[in-house]
Amino acid sequence: MATAKKKPTITLSPSRDIPFNQLVLSQSNVRRIKAGVSVEELAEDIARRGILQGLTVRPVFDENGTETGMFEVPAGGRRFRALELLVKQKRLAKTAPVPCVVREGGIAEEDSLAENVQRAPLHPLDQFRAFLTLREKGQAEEEIAATFFVSVNVVKQRLKLASVSPVLLDIYAEDGMTLAQLEAFTVSGDHARQEQVFERLKASYDKSAYAIRRMLTEGAIRASDKRAQFIGLDAYVEAGGTVLRDLFEGDDGGWLGDVVVVEQMVADKLNSESEAIAAEGWKWTEVAPDFAYGHTYGLRRLHGELVPLTAEEEATRDALKAEFDRLVAEHEGADELPDEVDERLGELETALESFDERPLSFDPEEIARAGAFISIAGDGCLRVDRGYVRPEDEAPAEPQNASDGATGKEETVGDDADGDHNTNSDAVPEPEEDDGLSPISDRLMTELTAHRTLGLRHALGEHPGVAFHAALHALTLKVFYHYGSDSCLELDLKTVSFGAQAPGLNDSVSAEAIRARHESWTKALPKDSAGLWDALGDWDSDSRAALFAHVVSLSVNGVSEAWNRRPRALAHADQLAHAVDLDMAPRWKPTVDTFLGRVTKARILQAVAEAKGQRAADRIAHLKKGDMATEATTLLNGTGWLPEPLRTPARETVADMSAVELAVVETAEVADETAMADSDGIADDDDVGVEAIMAAE
């Protein structure tokens, strides 16, 4: 009877504890390149937890083939070096037993290679969940970070990833999405919302992380929005509002998800602030988060006076100015200021500005007929524009004295074709002469002043300097005082009020600059219009020219309107733009609201092609209009591209680049095309994220 053949048995290598001083590093270790955790960090981990994995060793033989009692380490070299470091630091005894697996057959290099190749790296999701488990068991984020030698921000990122909807985590575990896409889903903590966006992505061609973030933040208000800055993020959270944050990309402070809460808080805070302003005695106040540009057109602005500083405030200001001047002088030749000095100079500048920007005081009688506009400035601070008088609230004009030669009735003086003045032939006849000194008749007064007017015209035409002074005086009255009758010059200055308000027009760079310049001139001009002529005469020519430029600039109207065709005026606007070398790129950015969402797809593609090359345009050509406009906003950001109506003739823009220059741009775009790789599911192959960081020993 045949005997059954015995199955081969596997014999495992024995393990034993070997004193550290009997171990030496083998030259057979295949690991030559450093990767993963450093030896120092591994040593600290061993000191804290002990060695978690033994070393693979082989006996060392002498020339006669006899064991020497020493053992070489072909696999586990980093662990050996970490133990060696602890011994050098006298934190581990030289004879401390080290758990080892003793190998005798085979090749040493094979042991080293097999140990590293056969090991399966930890899936990122397992690490995320492990970090979450540690926190649930009571470890703080800082403690986890210190234990695993990573930053606290990395721990927060891992915990955020672990908090994504379990449905999406399972899809990620099955390689159904990339790590970059999973990171994008962390923007919202609402699992239902995350899953809803994932379902939308299935039907969308664009499955990029950017598209995911855009969908999750639809309708939310950026933390950088002036409304969010006005109410404050902390107060918003206290009121129960939710903040969406992106821990993996710059989010500019995040997004405020509860728009209703924001709007209510903004309204409440503005109304509260307006009550304090109204208590100052103003006849009216208007409150809004934002006013249209030109909302003060047609209103007279009161000229207030700066509240004088007290003796204590003067002393404080002088001390701050002296310290500022001293620090500037001490570091005048330095290439770079020390951080503490730079910070202190900033504090001093802010403090000194507060003295210069003190509130104005107004006459109580003027306050009683004027009002204030209360809104939010572009930086999120409260903006209060006090002292505006509506036409219907103006005080009645005082009748002129008879001694001034007027009767209280105005007589129309017209110009004939030659510019001569004609009097009314039906005027009342002159009174009969009597023995007394009677007033000059109206008819004679008109004739005499007509002669004087012609004399003034002739003389003024021969004195350009005085003519400039007179024109500046008349126009400044129109702009700053609204008292056109204070000048004998029949000059008019119209300031266009924009019927169609572009988004963000009132908070634009140009609007803020004009507002600041206007305020500075308001403070420089005399309060009473009667003193304006002499004040302008006392100024130097540069100051008068600067004021003239500001006043004239307010009359510019280069607006194209369908109902008001003015081709010659618009052509002159182009000439003016060329003369001042106008560059609109720093003053205007192409966004969905300002341009891209309001033109056809063809124009969007044309803009991208002009700024970034045809390859970039082709890359988004398949998108729907809304998605295309959003993607184009990102592509055009920082390029300086401008649509045709904003370009200055003879000034080179991105659209004017040569074919060679544009080809260079297109070449730079080639590397980005892999991000749009086709996929049957949602996963892309453009990101590895933290997987690269997680290479184990």
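**Reading helix and sheet packing**

Me: Which strands does helix α2 lie across, and at what angle does it run to β2?
Reply: Axes are lines fitted to C-alpha atoms, for helices over the stretch in contact, and angles run from 0 to 180 degrees between N-to-C directions. Helices (H or I, at least four residues) and strands (E, at least two) are DSSP runs numbered from the N terminus; contact means heavy atoms within 4.5 Å. Here α2 (residues 77–88) lies across β2, β3, β4 and β5 (97–102), at about 120° to β2. The model is predicted: local features need pLDDT of at least 70, side-chain atom pairs count only at pLDDT 80 or more, and totals for chains, interfaces and linings use all residues. Residues are numbered from 1 along each chain as its sequence is written, and side-chain values use heavy atoms, leaving out hydrogens and water.

Me: What is the strand order of the open sheet?
Reply: Two strands pair if DSSP finds at least two bridges between them. The five strands run β1-β5-β3-β4-β2, with mixed pairing. Since β1 (15–19) and β2 (23–25) each have a single partner strand, they stand at the edges, and one side of each is left without a neighbour in the sheet.

Me: In which sense do β3 and β4 pair?
Reply: Strands β3 (residues 55–61) and β4 (residues 67–75) are antiparallel over four bridges; T56 has A75 in β4 as its bridge partner.

Me: How do helices α18 and α21 pack?
Reply: Angles under 35 degrees count as roughly parallel, over 145 as roughly antiparallel, 65 to 115 as roughly perpendicular and the rest as oblique. The axes of α18 (residues 464–481) and α21 (residues 541–553) are 10 Å apart, at an angle of about 50°, which makes α18 oblique to α21.
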